[in-house]
Amino acid sequence: MLPQLLAVVGEFTPVVEAVPPDAALADVSGARRYFGRDATGIAALIRVRALALYGVDCVIGAGPGPMLARMAARDAAPGVTRVVPGSPDAVAEFLDGRPVAELPGVGRAGARTLCEYGLDTVGRVAAAPLSTLQRLVGARAGRELYDRAHGVDRTRVAPNAVTRSLAVERPFPRDELDPHRHRRALLSGAEELGVRLRGDAQVCRSLTLTVRYADRSVTTRTRALPEPTAHAAALTAAAYRMYEALGLQRARVRALALRAEGLAPAALAARQLTFDPADEKARRIEAVADRAREKFGPGAIVPGALAGGPGPRSSSRPRLDRRRAAGPAPDPAGPAPDPHGTNSTSPSRPPAVL
């Protein structure tokens, strides 16, 4: 639903930046005078239109800059707009007691270092001397940390950023603890990303994993790929490595999202030859599977690990499966096993498995 919701926001301001898989930033400074409303009033109009047109209740945060708007949105509840006033006192009050890890650019290692020195809240970081922060995290990072702790945000909304990335999300029907289901969700998302990238004749340079937990907290990790690729196996391997590096133990996961970034035309991308027969065979099979999906529908061929059993839901709207209009319903017993290990695909048979 993200493209449709971006169109709704675009009716109020042309300065809209997509933040896949489910968020957007909008600069409404020029829209306030035109509509005669403040940020809260514009947010109410956006929420009403999204709810009326698509049945989606948005969570909206507003602030004097993108950083504060993002942080406010994380605090907001559905149906309520969380607003951070632009006055310095209001910004300081909003930031004062928050964990330092909530500041953009502060990862787990940086937060651990700051907490070891007692700088565990944004207010304490703001009260620390700039020279102290620079000694702890570095000159440039210390300056940025100091500014952000004081509410100084130099970033701007970059419109039309949706073309630079592709994203998929796999929400679970209930908060999921099983790591095997987490990996199935990552495999499903990486396969869909690969199909979409190859369909658009594009490759990506990096992959971002977003884990959304039961308490609405979020963990995000980004990994640069060894080479630009649209190969599903490479995307899946990168997603698995990021997931394993998180070391989640009995984590209640509500959704997993993957975002392919740094998109570029596939015709201009260089690929290192491996002379590996298995890799070349996998790529040829992938090309054949893409042609089968184009002819018979996106579910015509799926990885063997995704065949059978309930899986995570896809956030993408399902496309029409052409098999529905051809022939009788599939046989519940399934097709006879093929001695070569794969099942041929026809309009009246279940999906083939690779």
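This is a predicted model: local features need pLDDT of at least 70, side-chain atom pairs count only at pLDDT 80 or more; totals for chains, interfaces and linings use all residues.
User: What share of the accessible surface of the chain belongs to carbon and sulfur atoms?
Analyst: The accessible surface of the chain comes to about 19,800 Å². Of that area, the part that belongs to carbon and sulfur atoms is 55%.

User: Are helices α1 and α3 parallel, perpendicular or oblique to each other?
Analyst: Helix α1 covers residues 2–10 and helix α3 covers residues 39–54, and their axes come within 10 Å, crossing at roughly 140 degrees. Angles over 145 degrees count as roughly antiparallel and those from 65 to 115 as roughly perpendicular, and α1 passes α3 in a right-handed crossing. The relation of α1 to α3 is therefore oblique.

User: Which residues in α3 are met by Q4, L5, V8 and V9 in α1, and how do the residues of the contact divide by class?
Analyst: On the α3 side, Q4, L5, V8 and V9 of α1 meet I46, R49, A50, L53 and Y54. By class, the residues of this contact between α1 and α3 are 7 nonpolar, 1 polar and 1 charged.

User: Which residues of helix α9 are buried, and what covers them?
Analyst: Helix α9 spans residues 139–149, and its buried residues are G142, L145, D147 and A149. Just after α9, G151 takes a positive phi of about 80 degrees. The cover over the buried residues of α9 includes α5 (88–95), α6 (108–116), α7 (122–127) and α8 (130–137).

User: Where do α10 and α12 meet, and how many residues of their contact are charged?
Analyst: Helix α10 (residues 179–199) packs against helix α12 (residues 277–296) at an angle of about 80 degrees, with the axes 11 Å apart, which makes α10 roughly perpendicular to α12. The residues that meet are E191, V195 and R198 in α10 and E286, D290 and R293 in α12. By class, this contact of α10 with α12 has 1 nonpolar residue and no polar ones, and the number of charged residues is 5.

Note on methods: Residues are numbered from 1 along each chain as its sequence is written. Side-chain values use heavy atoms; hydrogens and water are left out. Accessible areas come from the Shrake-Rupley method with a 1.4 Å probe; for residues, only the protein chains shown count as cover. Axes are lines fitted to C-alpha atoms, for helices over the stretch in contact, and angles run from 0 to 180 degrees between N-to-C directions. Helices (H or I, at least four residues) and strands (E, at least two) are DSSP runs, numbered from the N terminus. Angles under 35 degrees count as roughly parallel, over 145 as roughly antiparallel, 65 to 115 as roughly perpendicular and the rest as oblique. A crossing is left-handed if the near helix is turned anticlockwise from the far one by less than a right angle, and right-handed if clockwise. Contact means heavy atoms within 4.5 Å. Ala, Val, Leu, Ile, Met, Phe, Trp, Tyr, Cys and Pro count as nonpolar, Asp, Glu, Lys and Arg as charged, and the others, Gly among them, as polar. Buried means under 20% relative accessible area, exposed over 50%, partly exposed in between (1.4 Å probe, protein chains only).
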